[in-house]
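Please keep the sequence and the structure in view while reading.

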Amino acid sequence: MLLIDCPFCGSRPEIEFRYAGEAHISRPLDPTSLSDEDWTAYLYQRSNPAGEHAERWYHVHGCRRFFNALRNTVTDTFLVSYPAGTPRPPRQAAEQ
């Protein structure tokens, strides 16, 4: 079973969580000023790297809070988790 570290509740089984998309995606300040192509890119185009990826997670069956996590998509290893709204930690901190 995969364990995920919630920054608020600690380590919990994966069935308590839901993936909520790529982390650190900023909503456009004035969506009405975007072209159709730019709006489509904002809504649908996401990175899909093989390796380290910043993701947003939701602790459905726990504190019911969103948080971010750095996960290696190749090994399915969670490197670090941190509260939503905080900056992505440096790579060195994630590897400790």
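Which residues does Phe78 touch, not counting residues up to four places away in sequence? In this predicted model, Phe78 touches Leu2, Leu3, Ile4, Trp57, Ala69, Leu70 and Arg71.

**Core**

Phe78 also belongs to the largest nonpolar core. That core has seven residues in all: Ile4, Cys6, Phe17, Trp57, Phe67, Ala69 and Phe78. Two strands, strand 1 (3-6) and strand 5 (66-72), each supply at least two residues of this core.

**Overall layout**

The protein has two helices and six strands. Along the sequence they follow the pattern β-β-β-α-β-β-β-α. The C-alpha trace spans about 45 × 25 × 20 Å along its principal axes. Of the 96 residues, 28% are buried. Take the contacts between residues at least 6 apart in sequence: 44% of them join residues at least 24 apart.

**Glu55, a buried charged residue**

Glu55 lies in strand 4 (residues 52-59). Is Glu55 buried or exposed? Its relative accessibility is 1%, and buried means under 20%, so Glu55 counts as buried. The side chain of Glu55 makes a polar contact of 2.7 Å with the side chain of Arg71. Leaving aside neighbours within four places in sequence, Glu55 is in contact with Tyr19, Gly21, Glu22, Ala23, Phe67, Asn68, Ala69, Arg71 and Thr73.

**Arg88 and its partners**

Arg88 sits in the loop between strand 6 (77-83) and helix 2 (91-95). Its contacts, not counting residues up to four places away in sequence, are His24, Glu52, Ala54, Leu70 and Tyr82. With Glu52 there is a side-chain polar contact of 2.6 Å. Glu22 is 66 residues away from Arg88 along the chain, and the C-alpha atoms of the two are separated by 12 Å.

| Residue | Loop | Relative accessibility |
|---|---|---|
| His24 | between strand 3 (17-22) and helix 1 (36-44) | 41% |
| Asp76 | between strand 5 and strand 6 | 35% |
| Arg88 | between strand 6 (77-83) and helix 2 (91-95) | 40% |

Why does Arg88 count as partly exposed? Its relative accessibility is 40%; partly exposed lies between the buried limit of under 20% and the exposed limit of over 50%, so Arg88 falls in that class.

**Backbone notes**

Most residues other than glycine have a negative phi. His24 has a positive phi, near 65°. Asp76 has a positive phi too, of about 60°, although it is not a glycine.

**The largest pocket**

What is the volume of the largest pocket? The value is about 200 Å³. Its lining consists of Ala20, Glu22, Ala23, His24, Ile25, Arg56, Asn68, Ala84, Gly85 and Thr86. By class, four of these residues are nonpolar, four are polar and two are charged. Several names return here. His24 lines the pocket and is touched by Arg88.

Definitions and conventions:
Residues numbered from 1 in each chain as written. Predicted model: local features only at pLDDT ≥ 70, side-chain atom pairs only at ≥ 80, totals over all residues. Heavy atoms only, no water. 1 Å grid on protein atoms, 1.4 Å probe; cavity = no way out; pocket = protein on both sides within 12 Å on 5 of 7 lines; lining within 4 Å. Points joined across faces, edges and corners; volume = space filled by probe spheres on them. Nonpolar A, V, L, I, M, F, W, Y, C, P; charged D, E, K, R; others polar. Helix = DSSP H or I, 4+ residues; strand = E, 2+ residues; numbered from the N terminus. Buried < 20%, exposed > 50% of the residue type's maximum accessible area, 1.4 Å probe, protein only. Contact = heavy atoms within 4.5 Å. Polar contact = N/O pair within 3.5 Å; in protein donor to acceptor, adjacent residues only side chain to side chain. Core = buried A, V, L, I, M, F, W, Y, C linked by side-chain atoms within 4.5 Å.
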